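This briefing is meant to be read beside the coordinates. Please keep the sequence and the 3D view open while working through the points.

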Amino acid sequence: MTARSESDETMLDQALAWQAALERDDADWDGYMAWLEADPRHREAFDSVALVAAAVADHSGEIGNLLAAQTSAEQPRKRLSRAFAYVGGGLAAAIALMVAVPVLQPPPIQTYRADDGSSRSIALTNGIHVVLSPASAIDVHGGDASRIELVHGEAFFDVRHDPARSLTVSAGAYSISDIGTRFSVNRAGDDFRVGVSEGRISVGSDHVERDVEVSAGHQLIASGDGLTLSPIAAADVGSWRGGRLSYSNAPLGLVIADISRYSGKLVLIDPSLEKTHFSGTLVIGDGSKLLPDLATVMGLEVRAEGRGVRVGAAPSR
Amino acid sequence: MSPIDQDELEVAYGVHRSDLMRLLLARTGNREEAEDLLQELWLRVKQNPAGPVLNGRAYLFRMAQNLVIDRLREQQRRMQRERRWSDTTTDFAAAGVEPVDQRRSAEEAILDREEIAALTSAIANLPEGARRAFELHKIQGLSHVEVASILGISRSGVEKHMAVAMKYLRRALMD
């Protein structure tokens with residue numbers, strides 16, 4: 001530990017001590033001011049502590065309810081399992097399901113799907129790890145899993161680099177090759193998105209003359225408008241594994257398809273919105289708030305239609 | 001010391017004005033902001049009659065301190081919103097179709113839910129003693145003394161638990 005980080009720690013301790021001391025009726029405000037004036041970094045340390053306390057104070061009611069529900073729901077279990085329960089059903093299920101699938105007599109095509117409401121983690125042969133988003137499916141071809149097809153939904157791939165291997169991941173009209181990396185592929189009808197968080201990949205299609213290289217921190221989106229390569233925060237790639245849907249200029253159709261999968265509800269999109277794009281982050285939770293959140297953020301109208309709902313542009317006033 | 005009333009609080013403001021300015025300056029590191037906050041403090045003293053106050057100076061210091069933290073929190077939220085949702089990247093914002101207030105409140109709601117989830121998960125993962133002390137004090141609003149008597153530990157024991165909890169939560173919110 002460096003001297004600087006040691007003193008950061010000391011300042012943090014002092015800030016916490018002052019925070020507690022100031023709660024007293026007979027608080028020593030003069031001592032507190034002298035401490036603040038002694039070093040501008042004291043102010044920063046105090047700010048960081050005060051902001052945490054303010055965040056807790058803002059939400060103490062809801063946090064209290066959640067904690068109470070948690071305690072009564074699972075009394076005797078180990079604390080560890082309670083921790084996972086908080087992360088959300090999807091990730092907890094993913095951890096629980098992280099088991100190797102032995103492929104002894106490989107069938108020509110093996111299908112893996114994740115049910116509604118939970119994601120699924122699959123360890124394939126050759127160091128290929130796949131996390132399937134809820135209501136998604138992949139077909140794995142061949143005993144060596146040399147070709148994987150994303151049938152629908154979204155999948156995150158973590159593939160050990162092996163120059164001797166040839167692996168292709170296809171999604172509709174698009175195929176991804178030259179893989180030794182971590183990336184997330186999403187397919188909804190003809191819309192396609194791949195984001196790379198580590199390494200690089202190459203994407204080919206009948207629609208383009210040459211393959212497109214996509215490196216870490218970039219995404220390639222295909223929609224009615226053709227292919228678009230753009231930067232994306234590496235941490236946002238596959239962020240759904242941690243309970244968030246992150247988009248950067250994604251076609252609304254793709255966003256709506258994701259929401260459909262996560263909410264288990266049929267969501268249709270008005271044709272007038274097909275060229276619309278969305279940037280932002282949605283919190284998955286139990287999936288039920290995704291559509292209302294998106295609708296409010298984007299000013300969309302949601303109305304019931306048949307067995308599902310349809311989103312359209314809100315009438316302008 | 002006997003309780004003072006509203007007029008006396010205004011007098012106390014006059015008497016301790018320079019001390020309050022000193023606190024605000026030390027708290028913000030910025031003279032303009034400190035002066036602005038001092039002005040806001042005066043308006044609050046005028047507009048929001050306090051109940052009987054025992055110690056006018058401590059009361060005003062606390063008000064000033066809270067003003068600084070409220071403003072910090074607003075800044076933090078605004079930055080979070082700007083980081084997450086850029087107005088120029090959705091076609092609808094450009095077209096000016098959606099009502100700004102409604103959009104903003106939806107964004108706030110999303111940030112709130114996320115913050116609540118992060119905090120709840122961090123609290124649930126605290127060491128047992130720190131978690132109980134934190135819940136009693138910060139969630140249920142009991143004083144340090146009350147928490148100490150419920151847990152059967154000393155007041156400084158409660159403060160130690162609180163420091164552990166706050167450090168843990170600070171880290172959880174930063175990640």
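The notes below go from confidence to the contact between the chains and then to selected parts of chain A.

The complex shown is a predicted model, to which the predictor gives an ipTM of 0.88 and a pTM of 0.52. Chain A has eight helices and 19 strands, and 38% of its 317 residues count as buried.

**Confidence**

- The average pLDDT of chain B is 84, and 85% of the residues of that chain score at least 70.
- Over residues 91-97 of chain B the pLDDT stays under 50, although the model has 14 contacts for this stretch beyond four places in sequence.
- Where pLDDT is low, the predicted coordinates should not be read in detail.

**Contact between the chains**

- The contact takes 51 residues from chain A and 50 residues from chain B.
- On the side of chain B that touches chain A, the elements giving two or more residues are helices H1 (6-28), H3 (56-84), H4 (91-95), H5 (100-124), H6 (128-139) and H8 (155-174) of chain B, and H5(B) gives the most, with 15 residues.
- By class, the residues on this side of chain B divide into 22 nonpolar, 17 charged and 11 polar.

**Contacts within chain A and the surroundings of A:Val140**

- Among the contacts in chain A with a separation of 6 or more, 47% are accounted for by residues 24 or more positions apart.
- A:Val140 is found in strand E5 (residues 136-141) of chain A, and this residue counts as buried because 25 C-beta neighbours lie inside 10 Å, where 20 or more are required.
- Leaving aside neighbours within four places in sequence, A:Val140 is in contact with A:Gln110, A:Tyr112, A:Leu124, A:Ala145 and A:Ile148.
- One of these partners, A:Leu124, is 16 residues from A:Val140 in sequence, and the C-alpha atoms of the two are 9.0 Å apart in space.

- Strand E3 (residues 120-124) of chain A is mostly covered, with four of its five residues buried.
- E3(A) pairs with strand E4 (residues 128-132) of chain A in the antiparallel sense over five bridges, and the bridge partner of A:Arg120 in E4(A) is A:Leu132.
- The hairpin formed by E3(A) and E4(A) has three residues between the strands, and in this hairpin A:Asn126 takes a positive phi near 60°.

**Packing of H7(A) and H8(A)**

- Helix H7 (residues 252-263) and helix H8 (residues 290-298) of chain A pack at an angle of about 150°, and their axes are 9 Å apart.
- H7(A) and H8(A) are therefore roughly antiparallel to each other, since angles over 145 degrees are counted in that way.
- H7(A) contributes A:Val255, A:Ile259, A:Tyr262 and A:Ser263 to the contact, while H8(A) contributes A:Leu290, A:Leu291 and A:Leu294; by class, the contact has six nonpolar residues, one polar residue and no charged residues.
- H8(A) is mostly covered, with eight of its nine residues buried, and A:Leu290, A:Leu291 and A:Leu294 are among the buried residues, as are A:Asp293 and A:Thr296.
- Just after H8(A), A:Gly299 takes a positive phi of about 65°.

Terms used. Residues are numbered from 1 along each chain as its sequence is written. Chains are lettered from A and ligands numbered from 1 in the order in which they are written. This is a predicted model: local features need pLDDT of at least 70, side-chain atom pairs count only at pLDDT 80 or more; totals for chains, interfaces and linings use all residues. pLDDT is the predictor's confidence in each residue, from 0 to 100. Two residues are in contact if their C-beta atoms, placed from the backbone, lie within 7 Å. Ala, Val, Leu, Ile, Met, Phe, Trp, Tyr, Cys and Pro count as nonpolar, Asp, Glu, Lys and Arg as charged, and the others, Gly among them, as polar. A residue is buried if 20 or more other C-beta atoms lie within 10 Å of its own, exposed if 12 or fewer, and partly exposed in between; C-beta atoms are placed from the backbone. Two strands pair if DSSP finds at least two bridges between them. Axes are lines fitted to C-alpha atoms, for helices over the stretch in contact, and angles run from 0 to 180 degrees between N-to-C directions. Angles under 35 degrees count as roughly parallel, over 145 as roughly antiparallel, 65 to 115 as roughly perpendicular and the rest as oblique.
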